[in-house]
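The tour below says what to select at each stop.

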Amino acid sequence: MNIFKRKQAELTVSPPVDDVLLKSLLYGEEIDREKALNIPAVARCINLISETVSMIPIKLYKGRKVKNSRSCRR
């Protein structure tokens with residue numbers, strides 16, 4: 001006799017998740033630009049890449065012909 005054995009109902013209660021990245025991984029939610037920029041690691045990577053690209057010396061050329069074009073001076 002199974003008097004003392006009771007079947008427990010399986011409850012699938014998930015704790016509330018506040019982390020945006022964890023939510024997207026667990027529940028398959030999409031992350032838009034605003035949510036991604038609120039993640040510190042993503043924001044820092046974007047800043048690092050944009051600062052590095054802004055340091056690249058780029059010459060601005062004046063004129064339409066390739067042979068006779070001159071670089072602009074400051």
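**Stop one: a surface patch**

Select Ile49, Val53, Ile56 and Ile58, which form a nonpolar surface patch of about 430 Å². A patch is made of residues with over 30% relative accessible area and no salt bridge, with nonpolar side chains (Val, Leu, Ile, Met, Phe, Trp, Tyr) joined within 5 Å and like charges within 9 Å. A salt bridge is a side-chain nitrogen of Lys or Arg within 4 Å of a carboxyl oxygen of Asp or Glu. This is a predicted model, where local features need pLDDT of at least 70 and side-chain atom pairs pLDDT 80 or more, while totals for chains, interfaces and linings use all residues. Residues are numbered from 1 along each chain as its sequence is written, and side-chain values use heavy atoms, without hydrogens and water.

Ile56 sits in the loop between helix H3 (40-54) and strand E1 (61-62); helices (H or I, at least four residues) and strands (E, at least two) are DSSP runs, numbered from the N terminus. Ile56 counts as partly exposed because its relative accessibility is 48% (buried is under 20%, exposed over 50%, partly exposed in between, with a 1.4 Å probe and protein chains only).

Select Ser24, in helix H1 (residues 20-27). Is Ser24 buried or exposed? Its relative accessible area is 14%, so Ser24 is buried. The Ser24 side chain reaches the backbone oxygen of Leu21 at 2.7 Å.

Glu29 lies in the loop between H1 and helix H2 (33-37).

Technical notes
Areas by Shrake-Rupley, 256 points an atom, 1.4 Å probe, with all protein chains shown as cover. Polar contact = N/O pair within 3.5 Å; in protein donor to acceptor, adjacent residues only side chain to side chain.
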